[in-house]
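Subject: Structure for your files

Hello,

Here is the structure I said I would pass on. My notes on it follow below.

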Amino acid sequence: MPDYKNLTATQITAMVTSGELSAVDLAEKALDLARTEGKGLNAFISLCEDKALEQARAVDTAIKQAQPVGPLAGVPVALKDNICYTGSLTSCGSHILDGFVPPYDATCAARLVDAGAVIIGKTNMDEFAMGSSNETSYYGPAKNPVGENLVPGGSSGGSAAVVAQRIVPISFGSETGGSVRQPAAFCGVYGLKPTYGSISRYGLVAFGSSLDQIGPLARNAEDLALAYQVTCGRDPNDSTSVAFDHPDYTGEIDTDRKFTIGVPKEYFAEGLDPEVEAAVRDAMAVLEKDGHKVTDISLPLTDKAIAIYYIVACAEASSNLARFDGVRYGLREGRDKELAQMYSETRAAGFGDEVKRRIMLGTYVLSSGYYDAYYLKASKVRELLRREFERTFEEVDLIISPATPTPAFKFGEKLDDPLAMYLSDMYTAPANLAGIPGISTPYGRVGDGRPVGVQFLAGHFNELSLFQIVRILERLA
Amino acid sequence: MAVYKGFEPVIGLEVHAQLFTESKMFCGCKSEYGAEANTLTCPVCLALPGALPVLNKKAVEFAMRMIAAVGGKVHRRSVFARKNYFYPDLPKGYQISQFDKPIGEGGAIEYHSGNGSRKRCRLTRIHLEEDAGKSLHPEHGEGFTRVDLNRCGTPLIEIVSEPEMESPEEAYGYLTKLKQILQYIEVCSGDMEKGHLRCDANVSVRPVGSEKLGTRTELKNMNSFKGVERALKFEIVRQIDLIKAGGKVEQMTLLWDEKKQVAEPMRSKEESHDYRYFPEPDLVNLVIGDAWIESVRLSLPEMPDVRADRFVSQYDLRTYDAAVLTDSRALADYYEQVMTHFDDARAASNWIQTELLALLKDNKQELHDCLVSPEMLGELLSKVKSGDISGKMAKTVFEAMFATGKAPDVIIKEKGLVQVSDESSLIPIIEKVIAAYPDNVAKYRGGKAKLFGFFVGQVMKETDGQANPQTVNKLLKERLDG
């Protein structure tokens, strides 16, 4: 086998389809790496060894019998552990889902399998996707391949780490406020937060339903586009998923088009690490030199985003997490006690501190007498923010910014300071609130070698421009 | 009202009606009563992590039918909301309901008030929501509570009235009419025992003549319309007595105990819910176009009151009879089908009310179980009218038809029940009877008119009851009086 770790998904699927590579060999290689390097990084919560090999065999058999195979034939893939996958523990990084094995597949997982992908394991994550460092996982944090003492970011830290470590070429995470783009930036890989409604949420364990989106991570623009292409599109099981005409993302990824790129001054203000800023400004200069127009813009509502985000996300979470009550699945404590006692012991033992903090915050903002001041007001400002982006995208094709204010930080650095932790989402959360797509692309490094992520944002369903611009930057760099 | 010693009650009702759609409100599971526990479930109604609701269009249409039937307004845009509370039979930890933007608003129910007059109560709103599952508690407080989620996710509409009813009897009349409408438009079975219809009541009292509403209490846990009436009577008296004794009514929820016939306050802990409503982010706004609203309106059947009025004018029935016949859509349909095979509207009405309904009741059957088709009944009634059989025979034939489902001709033949109206066959028998009782003939002719019946009886006996009584009367009179 050619060096597995250097193969892209696009190459793998071509070689598997032509019979040059065996899907089973690839799956074994990926599983082997997962058991060794993946274990060292604590990147997986569980592996789907038998099922992966079974899928790989099915792909190999289909190819031998000259039957058609999908566009991800034989590509080893990892899923964040909040995406339901039949027969595998789906823990959400939480104690409260102990032993929960879903009897159904998330639409995204089913589409991957249909496309010939081989799902090798479920990746580590912040508990219920609440966290920016992976430190809230019940299973202990995943580590950043860039440096053992660095957080991989969160909440999809495991998914970013397994791609950065080249255990799989493609993984899937989920975003509520930046949980794909931020770990992608910290680990030096590509991460996409698609338009809200473009990848089905059916089977994604909900955190903030109006913000949640599944998104792919990869090592290059083309693989990222491929992963998105296979999983996006209307799903009748998700009422918020949207039917839209989508282009051939991988086919149209190369373009001569010159973009107009807005630079929002609010994203380059206080709190931004100077080295990160320097890298982003360098990317801007490179693009400008290539003929793209880089222009200053203003998004005045930016400083409201984190406040709105934590109100909306926590409110929805407080309701979404009510089903974890010890009655039907997962952990149950206080079995012989009265109902209220059983509930409170189960939830006290099952949820970690960050999850409890957000449930309490969300319960508070929805409670009678506070709803108007918090949730209702936040919803209104959110709508204004959405319009602000819409207006902006009438002027510019794309927005450029840092993906995160700082590069990957150290374990423990922000754990005791939730507010500082929350601010690491300040450049990513606005896209979730507005429902627009965003991408984080690795671009340069700071002095000590930590990667920097450059973020591009686009209008609703304009993922194609995002893939094209990061492809351009990839070539220029 | 005199019965309440200077006070008048003000009553508003909240009715939950289960819609009998084939599948549940947000998933494809069957919506059915009586299946083995937890067999009608899926990831969505079990609230497995990651599962999402998808709205059942039929449930929306059923709600629209009810809104149209009561003359309410269907909102072009309505919003689902989450009502959050913890309970084991509510697996998501919230119920998907509607809050500040319900599907329907306004409309009214016209009902019989109990003292013979018709009254009208306006509706505040009609909204869609899903039902919870069922908790099966251990009988003696020992052991575990079990949960059955078959019912979970069944579509409901909640119909909220304005506080405009003035007596428990009116509340009963309102509920009866509401149930009739739900059944007519075929959206709900109306079966309160199976929980397909559930009713909570709000009630307050105020001095007669006062405009200001008193403090209201809420009554729950009634399982029949009569139970609602009784609970209201109890609570009204309690409130009046309390006020007269110088006390104040406190806003609270009471549970009706049918066995003890008392309403007892719920523990305050149980009622102090903050439901934390917010828009359901898993569903998009429900947008309904004019064309759909119009087609639903046009698909409605003739409503019971309109149909009763038509029965009076078209069939020349008395108001009471028309009301009985239009009580259910099935009975009214049955009557009208009989009338396509028979031409005496009142005779058909009488027969259905006295014979058919009695047999159904005695046999504890519903009309749709009845083996006698309207066509067969029309045939039977035609034979009575033409004199082929007597009314008395017809009852025997009808009973046999009811039991076997056979056509009247078949049964008449089997039983040899042809009525003899032919004079030439009856004259010899009559002459024989007259000849056999010369004493009575003399007494009759001497003025004892009562003896006429004796001769009729004898002729009927000789003919095994098959003689046409009218012919016998005529022939006997000719011979005895002539």
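Helices and strands here are DSSP runs, numbered from the N terminus: a helix is H or I over at least four residues, and a strand is E over at least two. This is a predicted model, in which local features need pLDDT of at least 70 and side-chain atom pairs count only at pLDDT 80 or more, while totals for chains, interfaces and linings use all residues. Residues are numbered from 1 along each chain as its sequence is written, chains are lettered from A and ligands numbered from 1 in the order in which they are written, and side-chain values use heavy atoms, with hydrogens and water left out.

After α7(A) comes A:Gly233, with a positive phi near 120°. The helix itself covers residues 221-231 of chain A, and nine of its eleven residues are buried (under 20% relative accessible area with a 1.4 Å probe, protein chains only; exposed is over 50%, partly exposed in between). Among the buried ones are A:Asp223, A:Leu224, A:Tyr228 and A:Thr231.

Chain A has 15 helices and eleven strands. An open sheet of eleven strands runs in the order β1-β3-β2-β4-β6-β5-β10-β11-β9-β7-β8 (chain A), and its pairing is mixed; two strands pair if DSSP finds at least two bridges between them. At the edges are β1 (44-47) and β8 (293-297) of chain A, each pairing on one side only. From one strand to the next the twist averages 30°.

Within the sheet, β2 (residues 76-80) and β4 (residues 170-175) of chain A are parallel partners over three bridges. A:Ala78 has A:Ser171 in β4(A) as its bridge partner. Helix α3 (residues 49-64) of chain A packs on the sheet and touches β1 and β3 (118-123) of chain A, at about 155° to the direction of β3(A). Contact means heavy atoms within 4.5 Å; axes are lines fitted to C-alpha atoms, for helices over the stretch in contact, and angles run from 0 to 180 degrees between N-to-C directions.

The whole chain

The C-alpha trace of chain A spans about 60 × 55 × 45 Å along its principal axes. Of the 477 residues in chain A, 63% are buried. Among contacts in chain A with a separation of 6 or more, 76% come from residues 24 or more positions apart.

Regards
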